[in-house]
Amino acid sequence: MPDPIQVLRSQRDAVLQRMKQIDHLRRGSFSRQFFKSRRGGRTVQSGPYFVLQCFFKGKKCSERIPASQAQEVEKHVENFRSFNALAEEFVTLSDQITQLECAV
């Protein structure tokens, strides 16, 4: 039967490898915004406008993204979410390893 600590360490190493594969990321959330205005008695919608918003060191950041870069930035934001999920998995595995090692 495999050693449970070794299994967890292997899983944790795999998480680190997946983290290393993430080359580009942007923190925050990416959104498409539309604006409605009245012109000549009609409601006109303009957009989409692309916006990247985040909180960093307690401050809110907001950046308009050109349409030509929107798809790429959206992928970078998804990479950030993936990285955070992997970081949480790393912490969980490390906690399990610590508990098993301290119980011995």
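1. Searching the whole structure turns up two aromatic pairs. Note that the model is predicted.

2. The stacked pair is Phe-30 with Phe-50. Their centres are 5.9 Å apart, and 10 degrees separate the planes. Phe-30 belongs to strand β1 and Phe-50 to strand β2, so this contact ties together parts 20 residues apart in sequence. The cut-off for buried is under 20%.

3. The other pair is Phe-35 with Tyr-49. Here the centres lie 5.4 Å apart. The planes meet at 50 degrees, so the pair counts as tilted. Again strands β1 and β2 are linked: Phe-35 sits in β1 and Tyr-49 in β2, 14 residues apart. Phe-35 is partly exposed, with a relative accessible area of 38%. Tyr-49 is partly exposed as well, at 30%.

4. Which residue lies over the face of its ring? Arg-64 does, at 4.9 Å from the ring centre. Across the strands, Tyr-49 in β2 stands opposite Gln-33.

5. Strand β1 covers residues 29–39 and strand β2 residues 42–56. The two run antiparallel and are joined by ten bridges. Two residues lie between the strands of this hairpin. Gly-40 takes a positive phi there, near 60 degrees.

Methods
Residues numbered from 1 in each chain as written. Predicted model: local features only at pLDDT ≥ 70, side-chain atom pairs only at ≥ 80, totals over all residues. Heavy atoms only, no water. Pairing = 2+ DSSP bridges. Helix = DSSP H or I, 4+ residues; strand = E, 2+ residues; numbered from the N terminus. Phe/Tyr/Trp six-rings, centres within 6.5 Å; stacked < 30°, edge-to-face > 60°. Buried < 20%, exposed > 50% of the residue type's maximum accessible area, 1.4 Å probe, protein only. Lys NZ or Arg CZ within 6 Å of the ring centre and 35° of its normal.
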